[in-house]
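Here are some notes for a first look at this entry. Please keep the structure open while reading.

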Amino acid sequence: MTFPATRLRRLRRTGALRSLVRETRLDLADFVLPLFVAPASVPNESLPALGRFSVEDLVPEVDELAHRGVSAVLLFGIPETKDEEGSGAWDDDGIVQRALRELRPRYPELLLVADVCLCEYTSHGHCGVLDGDEIANDETLELLARTAVSQAEAGADAVAPSDMMDGRVGAIRAALDDADLGSTPIMAYSAKYASAFYGPFREAADSAPAFGDRHGYQMDPANVREALRECALDLAEGADVLMVKPALPNLDVIRAVRDRFDAPLAAYNVSGEYAMIKAAAARGWLDERTAALESLTAIKRAGADVVISYWTKELAAWLVA
Ligand code: PBG
């Protein structure tokens, strides 16, 4: 049936009709808000969701989030001091561990996810330990595993390794099992690209590499088949949730992973994606809310089940408005 019998505009005529046939909806239950815990609070005026919270200030913030209906947060830590190995990452009295111990008993329903990576904790800013100028893969695995165990012990509901070392999901899975923490899910940053869109995060988390770049461990943005191989390996090693990151430049990757695998899929709407819209909105070039909602809807439509986004707090207000 073609025009004029078929007129697709009929179902676009009113808001009620458009709503009736809408294929993708945003549900706060699918969203995760990243939070930065640091020795002292440092608000960020232009990019509010990239501000840092002291453990003390984090509690009232999370209180507000919980009241707004936010269901999950992803914790990143900025330690007091950094060293070559990133020992602050697995310190039982580390910044994320302390935050988890504060939050866990207060918010039993809130999902607490802990980022597992060394770059915020190493003096050189790389995601693994160094062997000369090389990032040593296998030596890093044990440190990541220790980090995940100490986070789970402190109360994390799930751990999210973002380092991109080979074999880290298996190492973390084995260490959690050994520590009797085998029921802790691993949300693996399976297809994490070496992206220019992490800039504002690295400033917020003080995690920019002191030399070189991350191309030796994060994925080449030109590749999609490789992303599928990463996902297959992570699942085989015991990952529970897969992730594609960043989201918007990689909607095709999200779709490819969704079509190939049945595991839950997360997509990380990263700091640069947030910053681009914030900056354009500050200049009056586009409307933040509409642009953000369009972006988040596109990420879900591409096939993501879970979206990690700096807009999660605003989204809670937008969805009730
Ligand atoms: C740490 C990590 C990064 C992000 C999440 N975890 C930065 C990086 O890999 O350099 C980026 C998130 C964002 O930009 O919002 N490995």
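1. What radius of gyration would a compact globule with 321 residues have, and what does the protein chain have? The globule would be near 20 Å and the protein chain has 20 Å, which agrees. This radius is taken over C-alpha atoms, and the globule rule is 2.2 Å times the number of residues to the power 0.38. Along the principal axes, the C-alpha atoms fill a box of roughly 70 × 40 × 40 Å.

2. A word on the source. This is a predicted model, where local features need pLDDT of at least 70 and side-chain atom pairs count only at pLDDT 80 or more, while totals for chains, interfaces and linings use all residues. Residues are numbered from 1 along each chain as its sequence is written, and side-chain values use heavy atoms, with hydrogens and water left out.

3. The protein chain has 11 helices and 11 strands. These are DSSP runs numbered from the N terminus: helices are H or I with at least four residues, strands are E with at least two.

4. Which side chains have an N or O atom 2.8 Å from a ligand oxygen? Those of R214 and Q218. For the side chain of K192, the distance is 2.7 Å. Taken alone, the ligand exposes 400 Å², and the protein buries 100% of that. These areas come from the Shrake-Rupley method with a 1.4 Å probe.

5. A cis peptide bond joins F3 and P4, with omega about 10°. P4 is in the segment before α1 (15–20). The bond from K245 to P246 is also cis, with omega near -10°. P246 is in the loop between β9 (241–245) and α8 (251–260). M164 is not a glycine, yet has a positive phi of about 70°. M164 lies in the loop between β7 (158–161) and α5 (168–178).

Note on methods
A polar contact is a pair of N or O atoms within 3.5 Å; within protein, one must be able to donate a hydrogen and the other to accept it, and residues adjacent in sequence count only if both atoms are side-chain atoms.
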